[in-house]
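Me: I've got this one open on my screen. Could you take me through the open sheet in detail, and then say how it sits in the rest of the chain?

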Amino acid sequence: MLFRPENPLIVQGDGSLLLEVDNERHEDARDFLARFAELEKSPQHIHTYRITSLSLWNAASAGLGAHEVVAGLIEFSKYDLPPRMVDDIHEKVARFGKVVLLPPRPDDPGTLLLDVLEPTVARKVASNKKAIAAMRGAVREGLFRVPLVNRGSIKQILLRMGYPVEDRAGFTDGASLHVHLRQETRSGDKFSLRKYQHQAIAAWSRKGGDDGGHGVVVLPCGAGKTIVGLATMAANQTQTLILATGVSSVRQWIEEILERTNLTEDQVGEYSGTQKQIRPVTVTTYQILTHRKSTESEFTHLGLFSAADWGLIIYDEVHLLPAPVFRITADIQARRRLGLTATLVREDGREADVFSLIGPKRFDVPWRELERRGFVAEAQCIELRVGLSTPLSLAYKNAEARKKIRIAAENPRKLEVVAELLNRHVDDKVLIIGMYLDQLEQVAKLFNAPLITGKTPNPQRDELYGRFRRGEIRVLTVSKVANFSIDLPDANVAIQLSGTFGSRQEEAQRLGRILRPSGGDAVFYSVVTRSSREQEFAHNRQLFLTEQGYNYLIEEWDPAEEEREASQPMFA
């Protein structure tokens with residue numbers, strides 16, 4: 001057995017990969033692994049990755065072959081690769097493309113053809129009850145009829161069987177719409193696509209290929225995902241439905257469309273709680289689409305999917321797509337679909353549904369690569385651990401599980417940390433982010449930092465965002481409404497006081513709030529109660545940041561203060 005001690009990687013037969021952080025080749029190996037493996041653990045010295053079927057199929061759909069995966073593992077591994085694992089990688093990657101969905105024949109326009117290229121797989125499909133129910137018999141062995149309405153469901157069924165479907169059935173063009181990007185924005189700024197944005201659009205559309213027009217583009221917040229969406233509209237010249245995460249996001253999409261394309265106000269509509277405009281380009285929210293009067297009633301606005309002849313549907317922050325929208329997405333597979341996200345991780349585990357119904361990952365680029373090229377700001381990620389006072393520590397020990405989370409999140413000593421950090425960053429623009437309103441209201445009052453929550457009227461939100469961008473407000477307090485698509489280009493410091501149970505999606509969004517280049521260093525602080533459930537949840541968030549290549553520093557915040565009585569004043 002060969003032994004190469006200078007290499008950073010140990011490949012294990014169970015599909016796990018151990019990566020030495022302190023090795024000189026760590027960064028190169030990490031960037032390589034991120035293309036086809038998932039980070040599971042990230043303690044200080046050894047990070048654990050795992051290769052899964054879905055991670056390999058996403059890699060294959062983005063153009064990474066089994067030979068390239070194996071060659072890279074050999075290059076970085078200390079030892080010979082386990083033969084069984086090599087065979088497993090080849091076998092799983094080979095499954096991508098063995099089942100192909102083809103367009104209808106002219107004599108049967110309501111039926112797609114499912115071509116299963118391997119006889120053993122064809123027999124498995126022919127004997128699977130769910131697959132049989134979704135199909136309409138066989139033309140011959142290995143070639144099955146699939147009703148148009150079951151295009152999405154058959155892909156879900158076969159993916160669960162372990163066979164990803166390569167969808168080459170094509171798409172309806174939708175109603176035509178002349179869209180082009182301006183070379184100069186309405187504000188007079190020069191404007192052009194960056195190279196990686198061109199590459200993302202080309203990878204999604206697969207010019208010269210048969211299976212383009214659906215899939216997910218993964219880019220960091222601040223890297224111009226919205227612009228990729230606009231350029232995709234221009235490339236397809238068709239009426240478009242855009243799904244966003246909230247009303248502020250809807251209005252920012254509309255603002256960007258009007259600023260950077262030739263479209264006029266009467267061609268772009270807002271479909272929200274206050275306006276119901278259906279226009280050639282319509283922007284709505286996931287909340288609107290999932291609205292219903294009761295749990296037993298039908299969803300009120302799902303008809304929006306068929307309200308116009310859409311040729312393209314853009315799913316912004318696709319990792320947040322609600323489950324009811326998956327159901328409708330299964331029924332509208334004939335529309336081109338573009339998913340935009342900073343991370344494919346879903347906390348509900350439905351990454352496979354994104355793969356089947358929106359499409360596979362078509363393009364991504366390491367965050368640190370864009371940082372090195374100056375497209376996103378350099379960022380430091382620091383976890384600050386602070387203890388509870390003695391009385392609160394006792395209360396924490398005796399509390400039930402959910403109460404423990406709340407006690408840790410609202411630890412009063414976090415406010416001391418905030419005060420010190422604001423003094424440290426007196427010349428920076430700072431976001432203080434959390435999820436508990438009582439805590440945020442206290443922060444806003446103590447530090448004269450206006451608060452934006454889900455209840456803040458949209459005109460007031462827009463006014464505060466504008467004042468923050470112009471520098472009239474230096475510190476802004478925001479609840480989780482600021483997680484998604486809020487354009488705060490000049491923020492360069494974020495202080496996170498609490499989050500949603502260690503959500504990696506949330507960490508991606510919050511880090512993205514400070515990644516737009518602004519001339520200063522970006523710093524992301526996460527203030528965590530030491531030795532608590534909150535510290536456990538912080539591990540998941542750390543996974544995401546480490547996976548993206550950021551050094552994640554952990555600092556103890558004056559451990560001696562743990563013994564100080566809570567009655568002592570916190571502020572002089």
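**The open sheet**

Reply: Seven strands make up an open sheet with parallel pairing, and their order is β12-β13-β11-β14-β15-β10-β16. At the edges you'll find β12 (268-271) and β16 (361-364), each with a single partner strand, so one side of each has no neighbour in the sheet. From one strand to the next, the twist averages 20°, taken between N-to-C directions on a 0 to 180 degrees scale, with axes as lines fitted to C-alpha atoms. Pairing here means that DSSP finds at least two bridges between two strands. Strands (E, at least two residues) and helices (H or I, at least four) are DSSP runs, numbered from the N terminus.

Now zoom in on β11 (residues 240-244) and β14 (residues 312-316): they run parallel and are joined by four bridges. In that pair, L241 stands opposite I313 of β14.

A word on ground rules: this is a predicted model, where local features need pLDDT of at least 70, side-chain atom pairs count only at pLDDT 80 or more, and totals for chains, interfaces and linings use all residues. Residues are numbered from 1 along each chain as its sequence is written, and side-chain values use heavy atoms, leaving out hydrogens and water.

As for the rest, the protein chain has 21 helices and 23 strands. Of its 572 residues, 57% count as buried, meaning under 20% relative accessible area with a 1.4 Å probe, protein chains only. Helix α1 (residues 26-33) has six of its eight residues buried, so it is largely enclosed by the rest of the structure; among them are H26, R30 and F32.

Key. Buried < 20%, exposed > 50% of the residue type's maximum accessible area, 1.4 Å probe, protein only.
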